[in-house]
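I opened this notebook to keep track of what I looked up in one structure. The entries follow the order in which I checked things.

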Amino acid sequence: MNCIVVTGGCGFIGSNFIRLMLEQYPELSIINIDKLTYAGNLANLHDLNENSQYEFRKGDICDREFIESILNQSGIDAVVNFAAESHVDRSILDSTPFVTTNVNGTLTLLDACRTHEIPRYLQVSTDEVYGSLGDEGFFTEETSLAPNSPYSASKASADMLVRSYVHTFDFPAVITRCSNNYGPYQFPEKLLPLFISNARNDQQLPVYGTGENVRDWIHVLDHCRGIDAALRNGSVGEVYNFGGRTEMTNIALTKLLLKLLDKPESLIKYVNDRPGHDQRYAIDCEKAEIELGWSPQVRFKEGLQATIDWYIKNEDWVNNIRSGDYLKYYDQQYSDRLSGS
Ligand code: NAD
Ligand code: TYD
């Protein structure tokens with residue numbers, strides 16, 4: 001591949017993906033399309049400003065004319081769609097932007113790619129489309145979709161649209177579904193960066209409900225390597241699951257974080273549960289291992305320590321976000337939850 005378009009590249013996973021791809025493939029050019037919502041941050045790719053293989057174009061994936069103006073240029077080998085509203089809590093408070101970007105935006109990209117006969121399209125999806133597991137079992141690619149939050153419903157809808165384009169138009173798409181990512185540049189409304197930052201500032205860590213919900217954690221670079229493998233070697237119309245084989249309850253993870261940060265467990269504050277909170281996510285990633293030759297490389301304990309070190313070293317990055325308007329919306333919800341209202 002010589003040139004790919006990445007959408008949502010100023011967010012957490014997209015920025016890690018772009019950096020990894022440019023490191024790995026020095027001949028590759030990347031055009032990054034990002035609307036710069038509250039979660040999009042140019043600072044996530046500050047080190048690429050002088051890189052002639054990288055181009056940033058501010059714009060919305062729902063804007064067909066804008067997308068066409070980019071896909072118009074010749075030599076684009078693939079589009080990788082990361083752009084999304086990504087936070088479950090926000091989707092509970094207002095679902096509209098989730099449907100707009102995650103569903104309509106994906107549809108706009110599919111139509112524009114079809115018109116311009118882009119040879120490859122990869123939809124970055126999530127294990128949350130499968131719903132919730134009990135104590136046993138794993139999500140496979142064959143698991144029925146049963147999304148429970150407005151966020152996961154919008155992602156599942158997008159996946160269904162991609163599937164329909166493959167079947168109806170022979171559209172050359174692949175879908176990937178990954179479990180919870182951790183690593184550098186994650187917006188500090190998500191569990192890990194929020195809790196690291198709060199603990200460092202001796203603020204409370206709001207654990208939802210009993211804290212017994214289970215997530216399967218994967219390092220963001222393992223996810224990015226999986227997307228790269230699926231982009232190059234995945235079969236059209238197929239879904240590939242990625243997970244880290246690291247299941248943890250939220251409370252166990254919170255206590256581990258506090259230990260690594262040398263902070264007391266008294267900072268833990270149990271707050272009202274998230275409505276409709278999925279109990280457990282766990283991924284069976286055997287298909288990706290067998291068909292793509294992919295497997296998670298980063299050991300959780302080491303990845304977590306490196307992630308903590310990154311947030312400590314890059315405290316300015318976190319503080320710039322937390323001192324801006326970006327978290328006002330979130331902070332209101334946070335104080336509501338802390339007060340139990
Ligand atoms: P993020 O919220 O950090 O980043 C999203 C990016 O998309 C931001 O840069 C934002 O500005 C951009 N964006 C939003 N709406 C846009 C629009 N209409 N047009 C153009 N750009 C727009 O999200 P993330 O955590 O990096 O997630 C990236 C993708 O990976 C999402 O599709 C998400 O559903 C999926 N995913 C995330 C996880 C996870 O653990 N974070 C796990 C599995 C899948
Ligand atoms: P999150 O990072 O929002 O990812 P997701 O909801 O997509 O899994 O949350 C991870 C888990 O942590 C989830 O079970 C909700 C829980 N959580 C809390 O207990 N407190 C918090 O403040 C946040 C943000 C999440």
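Which element gives the most to the lining of the second largest cavity? I found that α6 does, with 4 residues.

Before going on, I noted that this is a predicted model, where local features need pLDDT of at least 70, side-chain atom pairs count only at pLDDT 80 or more, and totals for chains, interfaces and linings use all residues. Residues are numbered from 1 along each chain as its sequence is written, chains are lettered from A and ligands numbered from 1 in the order written, and side-chain values use heavy atoms, with hydrogens and water left out.

Entry on the cavities.
I counted 4 cavities of 30 Å³ or more in the structure. A cavity here is a set of points on a 1 Å grid over the protein atoms alone where a 1.4 Å probe fits but cannot get out, and lining residues have an atom within 4 Å of a point. The second largest cavity has a volume of about 60 Å³, a volume being the space filled by probe spheres set on the points, which are joined across faces, edges and corners. I listed its lining as P193, I196, S197, R200, Y311, I312, E315 and V318. At least two residues each come from α6 (191-200), α10 (300-313) and α11 (315-323). Helices (H or I, at least four residues) and strands (E, at least two) are DSSP runs numbered from the N terminus. By class, this lining has 5 nonpolar, 1 polar and 2 charged residues. Ala, Val, Leu, Ile, Met, Phe, Trp, Tyr, Cys and Pro count as nonpolar, Asp, Glu, Lys and Arg as charged, and the others, Gly among them, as polar.

Entry on the largest pocket.
I read its volume as about 320 Å³. A pocket is an open set of grid points with protein on both sides within 12 Å along at least five of seven lines. Of its 18 lining residues, E141, R163, R177, G237 and V239 are the closest to the centre. Two or more lining residues come from each of α5 (150-169) and β6 (173-178), and α5 gives the largest share, 5 residues. The lining divides into 8 nonpolar, 4 polar and 6 charged residues.

Entry on the ligands.
I looked for residues near each ligand, meaning those with a heavy atom within 4 Å of it. Ligand 1 is surrounded by 28 residues, the closest being I13, D34, S86, Y151 and K155. A polar side-chain atom of D34 is 2.6 Å from an oxygen atom of ligand 1. From the backbone, an N or O atom of G11 lies 2.9 Å from an oxygen atom of this ligand.
Around ligand 2 there are 18 residues, of which E128, P206, R215, R274 and H277 come nearest. For R215, a polar side-chain atom lies 2.8 Å from an oxygen atom of ligand 2. The side chain of N250 has an N or O atom 2.9 Å from an oxygen atom of ligand 2.

Entry on the cores.
I took a nonpolar core as a set of buried Ala, Val, Leu, Ile, Met, Phe, Trp, Tyr and Cys residues joined through side-chain atoms within 4.5 Å. Buried means under 20% relative accessible area (1.4 Å probe, protein chains only). The largest core has 67 residues, and F17, L71, Y121 and F242 have the most contacts inside it. Helix α1 (residues 12-24) supplies the largest share, 7 residues. Apart from this core lies another of 29 residues, including F187 and W317.

Methods
Buried < 20%, exposed > 50% of the residue type's maximum accessible area, 1.4 Å probe, protein only. Polar contact = N/O pair within 3.5 Å; in protein donor to acceptor, adjacent residues only side chain to side chain.
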